Amino acid sequence: MIPDENLTKAVISLQVETSCKIVEKTCPNPHAVRLTLEVGDMVRTSYRGPGQFVHIKCGEGRLLRRPISVCVCSEDEPSDLLSVVFEIRGAGTAWLAARREGESLDVLGLLGNGFTMSPEGRYLLVGGGIGVPPMYGCAFCGGQCDAILGFRDASHALLTEDFEEICTTVAIATEDGSLGKKGFVTGPAEALLTKNRYDGVLCCGPRPMLKAVSALAARYGVPCQVSLEERMACGVGACLGCAVSMADGSMKHVCKDGPIFNASEVDWNG
Amino acid sequence: MADMRVNLAGVALKNPVTMASGTFGFGREYGQLYDIDRLGGISVKGLTPRLRAGNPSPRIAETPMGMLNSVGLQNPGVDAFIAHELPELKKHDLAIIANISGSTPEEYGEMCEKLSAAGVDMIEVNISCPNVKAGGLAYGTRPELAAEVTAVAKAHAAVPVMVKLSPNVTDITEIARAVEGAGADAISLINTLRGMAIDVNTRRPILKMNTGGLSGPAVLPVAVRMVWEVAGAVKVPILGMGGISSGADAAQMMLAGASAVAVGAAAFADPMAPLRVLEELEAICDRQGLHSVRALTGAVQPW
């Protein structure tokens, strides 16, 4: 699937597609699964930007859907295409990982707001672990993108070659040094922020990483957007489950107000 | 085709399927997916006199066939609801039930006056929220306090008053009789059951508030039993809720004694669940040759 960089922003929002066929299943590493789905006209009707998510029903025995960030999506005929990459974290994602090509999934989407990007802009994309896949979608939406990808170790690395194809610079960091530079993403991020002038830093990964990267971006005076996570029920803003504290004391919701937030509005100590 | 219209304490519903408070916001979100006018009514997100930010996250924990929540009555406050949400809702053809929570009887009275004047169809007095410290559940577990709040709400409301009961009591019929005696026009039940889930690896409760309210299919049999008990104890109509996710579930609730039902957490799994419940309930009525869905209410034949 080639993502379409000229996707039109949707006017209508969210829909439920009960029968999304899995057209491709791959394993980018021993811990992760990538599924490419036919999603009807979901991308045409509800795409707002990279970083949105879909809410996938994971079998009959579990009440709640699983929110998973979109890696890349495209308008297509006869059906739009969308891919997600996820790790097995519990019974729901284990069920999802056991699906085969040709089977169908019940998908609610596209949900959330997505990153705000300008097609001419220069961006520094920072992804950590399973936060890396949505950054790949971002790589198609800017004028020029550099990427820093952080993983626990080499066995958890994913999409590195895909990023290398499309990004100007790709730096990899692993906690144990088994791939790329040893350490966290903040080292390479600071090196690139010193060297280049960016229109924005976009970040998805574990919360401590988001906090560190947003502090770094602030120090270099570059606007930073982060993708937040929280335990979620409805996915559409009705149940008010996935609340996150904002710096001004208010509560916002990951599913409806996010998942992408300006780093400056987030209460990082909350 | 069976007649699906029902009457809940003088409020005409075009069908018995409503949305439970706290699961449907003010109708805007799911309104993007389907025409909410197909529902009989909506009980809006629980309102308080002033804006409430709600509890810290995590507020949600999945449990076997259910979920815990500890949202904590996050809402914009009754005045903001009347100014910004109610006008939008009133464009729709469905009963608007305003769910209210206060920390004193006076607060309940004040909200009843404002909401009656603003033109809601019914007020649902929440005396059973497990997730707030003041008021809430305390009113719902003591018959004399439940009666006091009901009486104050009745005195200030110009529309029918329904009282929402907590299942977290030893004898729910005692509370039901108390609120009926204080003038409640209808009773809704059940609110969520208090529960807890613990992460074995971190040894921390999943919810930041430690405990929360259980809902979803797991609670259906408890809800059906309690509706049945309350139906045997009072004469006022009952709005039955708790774990309904199919037409058969709704029919069970009505057979146990409910005049109408509310769907809640099922919509999180399947956003179209409320409409599916309605269609399936209609099909059951047709299959059983009923002229009206009302024939189900209280028609259980206990052994």
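Trainee: Which residues in α6(B) meet which ones in α7(B)?
Mentor: From α6(B) come Leu220(B), Ala223(B), Val224(B) and Val227(B), and they meet Asp249(B), Gln252(B) and Met253(B) in α7(B). Two residues are in contact here if their C-beta atoms, placed from the backbone, lie within 7 Å. Helices (H or I, at least four residues) and strands (E, at least two) are DSSP runs, numbered from the N terminus.

Trainee: And by class, what does the contact of α6(B) with α7(B) have?
Mentor: Five nonpolar residues, one polar and one charged. Nonpolar covers Ala, Val, Leu, Ile, Met, Phe, Trp, Tyr, Cys and Pro; charged covers Asp, Glu, Lys and Arg; the others, Gly among them, count as polar.

Trainee: Before I go on, what am I looking at?
Mentor: This is a predicted model, in which local features need pLDDT of at least 70 and side-chain atom pairs count only at pLDDT 80 or more, while totals for chains, interfaces and linings use all residues. Residues are numbered from 1 along each chain as its sequence is written, and chains are lettered from A and ligands numbered from 1 in the order in which they are written.

Trainee: Back to the helices, then. At what angle do the axes of α6(B) and α7(B) cross?
Mentor: Roughly 25°, with the axes coming within 8 Å. Axes are lines fitted to C-alpha atoms, for helices over the stretch in contact, and angles run from 0 to 180 degrees between N-to-C directions. α6(B) and α7(B) are therefore roughly parallel to each other. The scale is: under 35 degrees roughly parallel, over 145 roughly antiparallel, 65 to 115 roughly perpendicular, and the rest oblique.

Trainee: What about α5(B) against α6(B), how do those axes cross?
Mentor: The axes of helix α5 (residues 172–181) of chain B and helix α6 (residues 220–231) of chain B cross at roughly 50° and come within 9 Å. That is why α5(B) and α6(B) are oblique to each other.

Trainee: Is the crossing of α5(B) and α6(B) left-handed or right-handed?
Mentor: Right-handed. A crossing is left-handed if the near helix is turned anticlockwise from the far one by less than a right angle, and right-handed if clockwise.

Trainee: Which residues make the contact of α5(B) and α6(B)?
Mentor: Ile172(B), Thr173(B) and Ala176(B) of α5(B), with Met226(B), Glu229(B) and Val230(B) of α6(B). Four of the residues in the contact of α5(B) with α6(B) are nonpolar, one is polar and one is charged.

Trainee: And α7(B) with α9(B), how far and at what angle?
Mentor: The axes of α7 (residues 247–255) and α9 (residues 273–287) of chain B come within 7 Å and cross at roughly 65°. That makes α7(B) roughly perpendicular to α9(B). The crossing of α7(B) and α9(B) is right-handed. On the α7(B) side are Gly247(B), Ala248(B), Ala250(B) and Ala251(B); they meet residues of α9(B) including Val277(B), Leu281(B) and Ile284(B). By class, the contact of α7(B) with α9(B) has seven nonpolar, one polar and two charged residues.

Trainee: Changing topic: which prolines follow a cis peptide bond?
Mentor: A cis peptide bond joins Ser57(B) and Pro58(B), with omega about 0°. Pro58(B) sits in the loop between β4 (41–43) and β5 (60–63) of chain B. Another cis peptide bond joins Gly258(A) and Pro259(A), with omega about 10°. Pro259(A) is in the loop between β14 (251–253) and β15 (260–262) of chain A.

Trainee: What is phi of Met65(B)?
Mentor: Near 50°, a positive value in a residue other than glycine. Met65(B) lies in the loop between β5 and β6 (66–69) of chain B.

Trainee: How many residues are in contact between chain A and chain B?
Mentor: 26 residues of chain A and 29 residues of chain B. β1 (15–29) and β13 (243–245) are the elements of chain A that give two or more residues to its side. That side of chain A has 16 nonpolar, five polar and five charged residues.

Trainee: What are the confidence scores for the model?
Mentor: ipTM is 0.92 and pTM is 0.93. Chain A averages 93, and 95% of the residues score at least 70. Over residues 1–11 of chain A, pLDDT stays under 50.

Methods
pLDDT is the predictor's confidence in each residue, from 0 to 100.
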